[in-house]
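Please have the sequence and the structure at hand while reading.

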Amino acid sequence: MKEIKLYNTLTRKKQEFIPIEKNKVGIYSCGPTVYWNQHIGHMFAYIVWDILVRFLKSQNYEVKWVMNITDVGHLTSDEDTGEDKMEKGAKREGLSVMEIAEKYTKQFLKSLDELNIKKPDILSKATEHIKEQIDLIKKIEEKGFTYQTKTGLVFDTSKFKDYEKFANLNLKEQEAGKRVDVDEEKKQPWDFLLWITNQPQHILKWESPWGVGFPGWHIECTAMSVKYLGKKFDIHTGGKEHIPVHHTNEVAQATAAFGEQTSNFWLHNEWVSYGGKKIAKSDPASMILIDDIKKKGYHPLSFRYLTMNSHYRKGLNFSWETMRGADNSLNNLYDLVSEILSEDKDGGKNNIKDSDLNSKNIRAWQDKFISALSDDLNTPQALATAWNMLKSENISSSEKIRLISDWDNILGLDILRNSEARKDFDIPDEVSDLLEKRKIARDSQDWKTSDDLRNELKKLGYKVMDRDDGQDIEKL
């Protein structure tokens, strides 16, 4: 098995990944707060972690992937200030909190499906794990790491001497009040709430030893990761914005409860930017959704392809120009594989036995591809290897199809199915006429007619894709 190296925020270096339990891997990913749509900045991260899971499975690891759904307790500031984001969303749309949670959980799951992201083995909602959160808070309290204020039960960071270490914080240089909550009784501005009791109007409330209230945001991830993966698991993932507050607090509360933090590896992705600014819900103008990509005529998998062209720790500078380029490249990939399928006379992936994967030809290419992903998920290099392999003259068509089929189990681009659809087929006159009418509509920028004709073609069983050199069509 190839040595896998991952960049560990905990140690700030690439380390060889060795699972706690042989051949088994436990992964916890910080999931969405479902008070609004999940934009492409969020989906960038989930594509990355999906590839991580797929890759580890390809290396014969049994992977258990857990992700939370935050539907209570995440205040508008990560630092314990403002109102609950779920209630803010409910007020914005005139719906109940549970209706908002259901609406945006569905949007999130739909985006996962469209991007071919496999659902985590466990999607755990915060509201369904209140008991686990209360039990964990009790442990922290019993160990002497808490104090009570008018706002609720607070974690005393002064009792955890390594609080600054995980995020390399310099608390002494922080301005007083930078992380101050409305609760002036906090001993330190960065002390954080475990249980909130001072919001009688809050819709979601539960009984607890500290009064009627609801959990702080940070406690849910520790409670649920430990419930499903144990007190020590392999990998914890999230966006880099989680490092200084959310994950720092996770490390603190877990160490208080169990004597050590929970994860061996902490992996963090960089952000997606648009127009020079980070895509964020606080900036609606930057809120690009997968639905927006589809409305522009691009397949969601083109965004997946775009994501893989940038390393997860470098993030992505998104533009509609780069989106168009990724769409063209992915279509070219499908076309190339379609040509190889047409040339293949040997039965393709079904004719190459597993034992033949050890042949010199296949082994060399396989090693290049796996080596790229083993180096901290270097997806740009893995994609480049796939292209080079498919264009190589030193490997048969059957070998190419077998390799790209296996590799696509990791890449998740649905290559064979989409390539098969592009093999030569007769286009009925009715479809040709509609395509010509649509071309005329697009040339005259009559977008409504163009969209209507696209829908008409879809009803006839054909999918139209717009490319720089014209229209492309495939059977559904």
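## The largest cavity

The largest cavity holds about 80 Å³ of space, where a cavity is a set of points, on a 1 Å grid over the protein atoms alone, at which a 1.4 Å probe fits but cannot get out, and a volume is the space filled by probe spheres set on points joined across faces, edges and corners. The model is predicted, so local features need pLDDT of at least 70 and side-chain atom pairs count only at pLDDT 80 or more, while totals for chains, interfaces and linings use all residues. Residues are numbered from 1 along each chain as its sequence is written, and side-chain values use heavy atoms, with hydrogens and water left out.

The structure holds four cavities of 30 Å³ or more, and the second largest cavity has a volume of about 50 Å³. Its lining includes Val48, Ile51, Thr307 and Met308, and H1 and helix H8 (300-308) each supply at least two of the lining residues.

## The second largest pocket

H1 also gives the most residues, six, to the lining of the second largest pocket, a pocket being an open set with protein on both sides within 12 Å along at least five of seven lines. The volume of this pocket is about 870 Å³, and of its 41 lining residues, His42, Asp78, Glu241, His242 and Lys278 are the closest to its centre.

Terms used
Helices (H or I, at least four residues) and strands (E, at least two) are DSSP runs, numbered from the N terminus.
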